[in-house]
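Here are my notes on the complex you sent. They are set out as numbered points, starting with one chain and ending with the contact between the two.

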Amino acid sequence: MYIYDQHDKTLIGERVAQYRRQTDDYLAGKMRDEVFLPLRLQNGLYVQRLAPMLRINIPYGMVSATQLRALAHITRQYDKGYAHFTTRQNIQLNWPQLEEVPDILAELAAVEMQGIQSSGSCIRNVTSDEFAGINTDEIEDPRPWCEIIRQWSTLHPEFAFLPRKFKISVTGAESDRAAIQVHDIGLQVLRNANDEVGFKVLVGGGLGRSPAIGQAIKDFLPAKHLLTYLEAILRVYNRYGRRDNKYKARIKILVKAWTAEVFAAKVEQEWLQEIDSPSTLTDEVIAHAKDFFTSPAYESVDAEHAEATLQNLAAEQIAFGKWRERNVIAHKVAGYCAVHLSLKPTGVAPGDVTDSQLEAIANLADRYSFSEVRVTHHQNLVLGDVKLSDLPELWQAAKKLGFATPSIGTLVDMICCPGGDFCSLANAKSIPVAEAIQRRFDDLDYLYDLGDIKLNISGCMNACGHHHVGNIGILGVDKKGEEFYQIQLGGSALDDASLGKVLGPSFYAHEIPDVLERILSIYVDQRIEGESFLDTHRRIGTAPFKEYIYAKAA
Amino acid sequence: MPKLLKDKSIVDNSWQILPKGFAGALPDTPCFVPLDYWLANKQNLQKPESIGVWLDAEQEPEELADDIENLQHLAVNFPTFMDGRGFSIARLIRERYKFTGELRAIGHIVPDQLFYLSRCGFDAFCLDALSLGDEAEQHHQLEDYLAAFSVTYQACVNQEQPLFRRR
């Protein structure tokens with residue numbers, strides 16, 4: 001993981017002092033609401049339906065055991081003893097007191113954490129692949145590049161008052177787990193024919209009101225030009241992005257209005273004037289960044305023996321076998337694996353954890369995974385470097401703690417925003433809908449038979465629950481004060497990214513489990529051997545689903 | 001008399017800002033003329049010590065590129081403090097067009113922006129543009145805002161080298 005040096009520590013300390021002064025001024029009535037608003041947002045503080053909400057950055061999803069323990073302490077001391085992992089690899093507190101936020105930020109700073117630019121119209125926390133550095137299909141570890149981007153974007157003086165929020169995601173693998181096609185900028189690290197490292201650059205992806213898939217504006221940007229090129233994109237966006245209507249202010253609207261070709265040409269023209277400026281990365285800075293993400297001290301594990309033991313255990317205990325199949329992921333180092341800690345047990349809001357669970361996760365990380373944890377954008381956690389021989393013990397421990405729900409990647413491993421229970425933007429609740437679905441679909445064999453299905457739920461069209469890119473997406477809508485739910489089919493955030501299409505008129509919350517059952521029955525009837533839900537939908541389209549569901553409903 | 005924060009101290013501001021669409025004779029006092037007026041009349045406006053040019057947020061500093069070396073005073077307008085276009089315009093004026101005179105922030109800015117504004121090349125700030133809260137009183141030394149951070153990651157106008165070249 002990246003470790004702060006004196007510069008980083010000084011900066012973060014000065015940020016806490018600055019925010020304490022801003023909060024004091026505000027509370028003393030010396031600063032108006034509209035002036036305080038962007039200042040608190042750029043430190044992560046929203047004012048929500050019931051209380052303020054504080055969003056804490058977890059840069060590219062990497063968090064240490066020490067940091068988890070500090071978060072546990074903070075949730076106990078300043079909040080109600082729980083926190084919420086988000087779809088952008090961050091963590092949120094739902095009940096902090098506005099006047100205590102400077103103290104929370106000071107406690108976070110002590111463990112090298114912060115909420116800088118975690119909301120507001122600025123460059124947000126950079127996200128990445130939860131299996132960075134350990135997966136078998138990696139071309140380059142994206143994390144050093146993420147860290148370089150994190151530093152560059154932190155308190156960037158030119159881009160703190162953009163037309164709208166700005167999200168960057170980086171992947172370094174063959175298969176995209178960072179959803180780069182639905183980010184304002186998506187970067188894919190790759191190697192060219194001469195084995196040089198560079199980036200494919202996508203712009204203009206995003207969810208929200210006008211969902212769009214990002215378009216490539218550069219097929220290969222040599223790595224050293226990363227920051228000058230990003231700066232050119234941001235400058236073009238800052239100067240020409242719409243500011244008259246916040247729903248049309250994201251970069252995707254500008255790219256669409258100009259076309260990707262025109263946008264690319266404008267960026268190129270801007271970039272060529274700054275190319276080779278001092279912001280050009282040096283070999284030293286790249287090497288320095290990479291030094292923080294070297295492999296941990298892997299032990300040599302007798303993989304064959306470990307594998308035989310695991311097979312035997314799986315034969316004896318079907319539950320272990322199922323857990324391993326769904327929740328354990330292959331690792332690039334023989335004898336190691338990555339393990340999902342599921343945050344989707346039935347009856348708990350997806351992504352929620354208590355203070356004692358945070359501490360328990362820290363203990364698991366210390367014991368089994370070099371004291372590091374990764375946050376996934378599906379709102380689960382991953383222990384990235386677990387010895388195969390530790391799996392039986394880890395399984396038992398995870399089961400006891402409630403993290404072993406063997407449902408990763410299935411229908412009930414949902415992405416779900418906090419929704420109307422917490423969020424002041426939401427049109428409808430989302431957590432109770434998620435729970436009703438989990439209760440209805442509690443037959444693991446049925447879920448395994450359905451295979452990988454991404455079900456994403458958002459409580460409003462701002463799409464924090466990524467409903468457009470769920471294979472099945474559920475969107476809460478408000479009609480004359482009543483909550484309804486619209487269903488979309490066919491979305492994906494992977495390499496084959498696509499946006500879901502609306503099935504038809506929306507439903508009441510209580511109808512959703514039945515409707516889902518019918519959607520899935522069409523899939524089961526129509527699928528060809530081994531075909532996923534998404535592939536079946538792509539082959540047969542929405543019509544058969546629509547006919548069946550609305551015929552029955554009528 | 002209106003005040004100006006310049007070179008970290010507060011001085012009298014005798015400069016007028018002539019509105020967009022201004023026509024007619026210039027006042028006797030020093031003034032900033034709007035960009036369009038400058039472009040139409042610049043041959044008669046070569047008094048750089050008392051005539052400057054102001055740009056609005058949507059205007060192109062490129063249009064001033066050829067005139068920069070004959071100007072000593074430029075201003076950039078912030079229609080609201082949330083409109084960040086002026087930050088980019090300032091960097092372009094300083095870094096691309098090499099303007100070395102006074103660059104003034106006008107319009108609507110707030111004290112907590114002074115640090116970023118100065119990093120982007122502004123060195124003068126109209127105090128009536130600074131929203132200081134309901135009582136419009138000054139709560140802190142303005143120079144404290146200018147020095148909010150001692151560490152900066154990025155290259156910018158007041159620091160040509162990014163931190164990674166200085167570590």
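1. Among contacts in chain B between residues at least 6 apart in sequence, what percentage join residues at least 24 apart? The figure is 48%. Bear in mind throughout that this is a predicted model.

2. On confidence, the predictor assigns the complex an ipTM of 0.96 and a pTM of 0.96. Chain B has a mean pLDDT of 92, with 94% of its residues at 70 or more. Where pLDDT is low, the predicted coordinates should not be read in detail.

3. Chain B contains four helices and eight strands. Read from the N terminus, their order is β-β-β-β-α-β-β-α-β-α-β-α.

4. As to overall dimensions, the C-alpha trace of chain B spans about 50 × 40 × 25 Å along its principal axes. A compact globule of 167 residues would have a radius of gyration near 15 Å, and the 16 Å of chain B agrees with this. Of the 167 residues in chain B, 41% count as buried.

5. Turning to chain A, helix α3 (residues 65-78) passes a simple length check.

6. Which residues of α3(A) are buried? They are A65(A), Q67(A), L68(A), A70(A), L71(A), A72(A), I74(A) and T75(A). The buried residues of this helix pack against several elements of chain A, including strands β3 (62-64), β4 (82-85) and β14 (372-375), and helices α4 (101-110) and α12 (355-368).

7. I361(A) is one of the residues with the most contacts inside the largest nonpolar core, together with I233(A) and F125(B). That core has 208 residues, and helix α6 (residues 226-240) of chain A gives the most to it, with nine residues. In soluble globular proteins, nonpolar side chains tend to be buried together.

8. Finally, the interface: 33 residues of chain B are in contact with 34 residues of chain A. On the chain B side, α2 (85-96) and α3 (114-119) each supply at least two residues, and α2(B) gives the most, with five. By type, the residues on this side of chain B divide into 14 nonpolar, nine polar and 10 charged.

Conventions
Residues numbered from 1 in each chain as written. Chains lettered and ligands numbered in written order. Predicted model: local features only at pLDDT ≥ 70, side-chain atom pairs only at ≥ 80, totals over all residues. Contact = placed C-beta atoms within 7 Å. Nonpolar A, V, L, I, M, F, W, Y, C, P; charged D, E, K, R; others polar. Core = buried A, V, L, I, M, F, W, Y, C linked by C-beta atoms within 7 Å. Buried ≥ 20, exposed ≤ 12 C-beta atoms within 10 Å, placed from the backbone. pLDDT = per-residue confidence, 0-100. Rg over C-alpha atoms; globule rule 2.2 N^0.38 Å.
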